[in-house]
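Please have the sequence and the model at hand while reading.

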Amino acid sequence: MKIDFAPLQTPLHRRLQTAAVLQWVFSFLGLAPTCILLFFYLLFTRFWLISVLYAVWWFFDYDTPSRGGRRVPFLCGLKLWDYMRDYFPVKLVKTADLDPRHNYVMGFHPHGVLVAGAFTNFCTYSTGFKQLFPGLTTCLLMLPLWFRAPFFRDYIMCAGLIPSDKKSASYHLRKRGGGNAVVIAVGGAPEALDAHPGGYDVLLANKKGFIKMAMEHGAHLVPVFSFGENEVYDQVGNPRGTWLRSTQERLQSVMGISLPLFHARGIFQYSFGLMPYRKPINTVVGRPIRVERKEKPTAGELDALHQLYMDELSNLFDEHKGNYGIDKDTHLNFV
């Protein structure tokens, strides 16, 4: 295989963009197990007290992720994230105002491989969310599994990440006065297995938990579609019904995380590696869907709002797909 090496005279800003994305990829793929190994390794060294003291701290701080987390605005505004934004680049597109007197459940689609658009737009200040939607604070939901990793849990909480369970999301949605937006990658880990370039499969047809939660709290729903999210990585072919897909789904049901076999480019060459491609990601925030509070919605009310949400997401996709080079005959496929 011929290797396409990066030019030696790469401008400094391009190298900084690559470095910013490299640390982000490592954070999602390797930092959690590294932190776990470090925690146990220190127990058998003269620095054992670090792990012991952290364990005591962890005991008293265990419920913090489900009680709002611990966002650090300074870290969210670092120049580092501007370089990451410019690598792809990532852009946030506003289509309507969001009244900060309300709380919102924002459904993010598609998940992609590593939810690059969701992290850049809603966990950092680099794309201007605070300026586009003044008065709103976002929290991105992440698999609870990652909050069980020592040290790593504190790192991800700094960016405003919270566990993807009802208790954690409800903490924000029941706050009076509004101004809180919970961002949910609705398709979750299983949808990552469908993250193929040119694919528009959205795992939503039977996903109603976030709809029910919005109704219980009277939080308005906001559909969000991230054009280009599936383009930044290639993935080994895994159609439904194949042995590979069956194995991946079985592992996902046991481990709670999906294992897509993805690849893209490297750091110093463009032929292979785990660095994402430099493909634009345009995250379009749709119009809010007004939701009346119902603590115990009926099945019919739940189905009706779920159908309305799917219709609004389809309309959002169809209205904007032409701006991003998608054929007019292409539509979302809800699975």
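Predicted model: local features only at pLDDT ≥ 70, side-chain atom pairs only at ≥ 80, totals over all residues.

**Surroundings of arginine 265**

- Arginine 265 lies in the loop between strand E9 (262-263) and strand E10 (281-285).
- Setting aside neighbours within four places in sequence, arginine 265 is in contact with several residues, including Thr18, Tyr87, Tyr270, Phe272 and Arg278.

**The largest pocket**

- The volume of the largest pocket is about 1,000 Å³.
- This pocket is lined by 39 residues, and those closest to its centre are His111, Met142, Leu143, Gly188 and Ala189.
- Elements giving two or more residues to this lining are helix H1 (12-42), strand E3 (137-142), helix H8 (166-173), strand E5 (180-185), helix H9 (188-192) and helix H10 (209-217).
- H10 provides the largest share of the lining, with 5 residues.
- By class, the lining of the largest pocket consists of 26 nonpolar, 7 polar and 6 charged residues.

**The second largest pocket**

- The second largest pocket has a volume of about 330 Å³.
- Its lining comprises 17 residues, of which Asn103, Leu173, His217, Gly218 and Ala219 are the closest to the centre.
- The lining of the second largest pocket divides into 3 nonpolar, 7 polar and 7 charged residues.

Technical notes: Residues numbered from 1 in each chain as written. Heavy atoms only, no water. 1 Å grid on protein atoms, 1.4 Å probe; cavity = no way out; pocket = protein on both sides within 12 Å on 5 of 7 lines; lining within 4 Å. Points joined across faces, edges and corners; volume = space filled by probe spheres on them. Helix = DSSP H or I, 4+ residues; strand = E, 2+ residues; numbered from the N terminus. Nonpolar A, V, L, I, M, F, W, Y, C, P; charged D, E, K, R; others polar. Contact = heavy atoms within 4.5 Å.
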